[in-house]
Amino acid sequence: MATLSRSSCIIIVLLVFITAGTLMPMAEGDVCTEDVGTCGDDCSSRCASAHAGAKAACVLNNNIPVCRCYFDCGPSVPPPYSKTCKLSLGIWGERCSEEDCNSQCAAKYPGPQQGMGYCYSVGAPVYTSCFCEYKC
């Protein structure tokens, strides 16, 4: 009975993983992958620490064995606060000051929303409104 060399075993294991990976049913967009370095004994633990519930496999990438993680992509989420929105805080009239308006907007839309306020009049000073611009 012939014995397999270590390099033959590695090639067989890699082929099994590659074949298993190509035969796995994958829904488009539901499974994400990430390569986390070269293949080694700690491949599964690296994937588990990078992505909860990830499955690991050693695959060839440009003829180099790499540790590839397969994990649930999760729902598609738009980037937070990717647009700029405007909102009126009402007519403040002649008492509208840039400082007060800006303070109100910064308090209403703090932190990453970057609320900034300005006074705007559409005619007579009695119709001056405080407007907020913020990331939404």
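1. A residue is called buried under 20% relative accessible area, exposed over 50%, and partly exposed in between. By that scale Lys86 is exposed, because its relative accessibility is 58%. Please keep in mind while reading on that this is a predicted model.

2. Let's stay with Lys86 for a moment. Its side chain forms a salt bridge with that of Glu133, at 3.7 Å from N to O. Lys86 belongs to strand S4 (residues 84-91) and Glu133 to strand S6, so the pair ties together parts that are 47 residues apart in sequence. Glu133 counts as partly exposed, since its relative accessibility is 23%.

3. How many salt bridges does a search of the whole structure find? The search gives three. Asp35 is partly exposed, because its relative accessibility is 33%.

4. There is also a salt bridge between the side chains of Arg46 and Asp42, with an N to O distance of 3.2 Å. Arg46 has a relative accessible area of 22% and is therefore partly exposed. Asp42 falls into the partly exposed class too, at 37%.

5. Now to the sheet that holds S1 and S3. It is an open sheet of three strands in the order S1-S3-S2, with antiparallel pairing. Strand S1 (31-38) and strand S2 (55-61) are the edge strands, each pairing on one side only. On average, neighbouring strands of this sheet are turned by 35° against each other, direction ignored. S1 and strand S3 (residues 64-72) are joined in the antiparallel sense by six bridges, and Val31 has Asp72 in S3 as its bridge partner.

6. Is Gly40 buried or partly exposed? Gly40 is partly exposed, because its relative accessibility is 29%. Leaving aside neighbours within four places in sequence, Gly40 is in contact with Arg46 and Cys58. From C-alpha to C-alpha, Gly40 and Cys67 are 7.3 Å apart in space, while 27 residues separate them in sequence.

7. Gly117 stands opposite Cys132 in S6. In general, side chains in a regular strand alternate between the two faces of the sheet. In S5, Gly117 and Cys119 make up the covered face, whereas Met116, Tyr118 and Tyr120 make up the uncovered one.

8. Ser129 is part of strand S6. With a relative accessibility of 9%, Ser129 counts as buried, because the cut-off for that class is under 20%. Setting aside neighbours within four places in sequence, its contacts include Ser88, Trp92, Cys96, Tyr118 and Cys119.

9. Which residues make the nonpolar surface patch of about 530 Å²? They are Ile91, Tyr120, Val122, Val126 and Tyr127.

Note on methods: Residues numbered from 1 in each chain as written. Predicted model: local features only at pLDDT ≥ 70, side-chain atom pairs only at ≥ 80, totals over all residues. Heavy atoms only, no water. Pairing = 2+ DSSP bridges. Helix = DSSP H or I, 4+ residues; strand = E, 2+ residues; numbered from the N terminus. Axes fitted to C-alpha atoms, helices over the stretch in contact; angles between N-to-C directions. Patch = residues over 30% accessible without salt bridge, like charges linked within 9 Å, V, L, I, M, F, W, Y side chains within 5 Å. Areas by Shrake-Rupley, 256 points an atom, 1.4 Å probe, with all protein chains shown as cover. Salt bridge = Lys/Arg side-chain N within 4 Å of Asp/Glu carboxyl O. Buried < 20%, exposed > 50% of the residue type's maximum accessible area, 1.4 Å probe, protein only. Contact = heavy atoms within 4.5 Å.
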